[in-house]
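Please keep the sequence and the model in view while reading.

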Amino acid sequence: MAGRRGPGAGRREEAAAGGARRFPRECCEGLGGLDYGQVDVAAMVRLFGYVDVTDTGFIVAVLSIAFNPFFWNVVARWEHKTRALSQTFGSPRAACYCLGAVILLLNCVRSHCFTEAMKSQPKLEGWDCHWTYYSGLAISAVGTLFVISSFLALGFTGTFLGDYFGILMEEKVTSFPFSILDNPMYWGSTAIYLGWSLMHASPAGLLLTAVVAISYTIAVLYEGPFTEEIYRRKQKGVKSK
C-alpha cells in the first residue's frame with residue numbers, strides 16, 4: 001500500500017506547484033483575529049489527498065462511529081423516561097448490564113470497521129517508520145490507561161449509563177483519571193484510535209479519529225447537562241426529606 005498513489009494525487013501536485021495558499025488576515029477578524037493565513041493549505045491537501053472519502057469501507061466506518069453514541073444516548077434517555085428496559089429484564093441493574101453488553105459489541109464492530117477502512121487506503125510514506133510507530137504505540141498506551149482506570153473508578157454501571165436506569169453513585173468521582181481531565185473514557189478511546197492511526201501511518205485513520213472526537217464532543221454536550229439534572233433531582237429529593 002505504501003507505493004500506491006492517493007486518490008488526490010493530482011490535487012497534491014497542483015497544490016505543490018502553486019505553493020501554500022495564503023488568506024488575508026482581515027478575513028479572520030470575525031474569529032478573534034486568529035491568523036489563519038499561516039495555515040499551510042497545501043500540506044493539508046497533501047495529507048488528506050490520500051483519503052478516498054467515497055470508499056465504501058470508509059463510509060461504513062464513519063457511520064459506525066457516529067451511530068454508537070447516538071444509539072446509547074437515545075436508548076438510555078428512553079429508558080430513563082419509560083423504564084421499559086428495566087421492566088423487560090426484571091431490574092434496572094440487569095437492564096443496564098444488557099445495554100452495556102450491546103455497547104461493547106457495537107464498539108468492537110466500530111473498531112473493526114475503523115481498522116478495515118485504514119487497510120483499504122494508502123499509507124503516508126513519510127510516516128511509515130519506527131519513530132511514528134512507537135509514538136502511536138505510546139499514545140495508544142496512554143489512552144488505554146485512561147479507559148481502564150475510568151472503568152475501575154466508575155464500575156460497570158457507572159460506565160454504561162447506570163444513572164439513566166436509576167443506579168446513582170453516592171458522590172462524584174474525583175480520583176484518577178477524573179482528577180486530570182473530564183470524560184477520560186471518551187478521550188482515552190480517542191487517543192487509542194489516534195495511536196492506532198499513527199502506527200499504521202494512515203491519513204484515513206487520522207480523519208476517522210477526528211470523526212471519533214467530534215462524535216464524542218457532541219455526545220458530551222447532550223450527556224453532561226442531562227446527567228447533571230438527574231443528580232440535581234436526587235439532591236433535591238434528599239433535601240426535601
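**Fold, pockets and selected residues**

Of the contacts (heavy atoms within 4.5 Å) between residues at least 6 apart in sequence, 80% join residues at least 24 apart. The model is predicted, and local features need pLDDT of at least 70, side-chain atom pairs count only at pLDDT 80 or more, and totals for chains, interfaces and linings use all residues. Residues are numbered from 1 along each chain as its sequence is written, and side-chain values use heavy atoms, with hydrogens and water left out.

The chain contains 8 helices and 0 strands, where helices (H or I, at least four residues) and strands (E, at least two) are DSSP runs numbered from the N terminus. Read from the N terminus, the order of elements is α-α-α-α-α-α-α-α. Of the 241 residues in the chain, 37% are buried; buried means under 20% relative accessible area, exposed over 50%, and partly exposed in between, with a 1.4 Å probe and protein chains only.

The pockets come next. Rolling a probe the size of a water molecule over the atoms shows where empty space is left. On a 1 Å grid over the protein atoms alone, a pocket is an open set of points with protein on both sides within 12 Å along at least five of seven lines, whereas a cavity is a set where a 1.4 Å probe fits but cannot get out; lining residues have an atom within 4 Å of a point. Grid points are joined across faces, edges and corners, and a volume is the space filled by probe spheres set on the points.

The largest pocket has a volume of about 1,400 Å³. Its lining comprises 46 residues, with L154, G158, F178, N183 and E223 nearest the centre. At least two lining residues come from each of α5 (92–119), α6 (130–159), α7 (184–199) and α8 (203–240), and α8 gives the most, 9 residues. By class, this lining has 23 nonpolar, 14 polar and 9 charged residues; Ala, Val, Leu, Ile, Met, Phe, Trp, Tyr, Cys and Pro count as nonpolar, Asp, Glu, Lys and Arg as charged, and the others, Gly among them, as polar.

The second largest pocket holds about 190 Å³ of space. Helices α3 (56–82) and α8 each supply at least two residues of its lining, and the largest share, 6 residues, comes from α3. Among the lining residues are F70, R77, I218 and Y222. The classes here are 7 nonpolar, 2 polar and 1 charged.

Helix α3 also holds N68. N68 counts as buried because its relative accessibility is 2%. Leaving aside neighbours within four places in sequence, N68 is in contact with L106, N107 and R110. With N107 there is a side-chain to side-chain polar contact at 3.0 Å, a polar contact being a pair of N or O atoms within 3.5 Å; within protein, one must be able to donate a hydrogen and the other to accept it, and residues adjacent in sequence count only if both atoms are side-chain atoms.

What length should α7 span? At 1.5 Å a residue, its 16 residues should span 22 Å, and the end C-alpha atoms are 22 Å apart, which agrees; the expected span is 1.5 Å times one less than the number of residues. Buried residues of α7 include P184, Y186, G188 and A191. A191 has 15% relative accessibility and therefore counts as buried. Not counting residues up to four places away in sequence, A191 touches I139, S140 and G143. Just after α7, A201 takes a positive phi of about 50 degrees.
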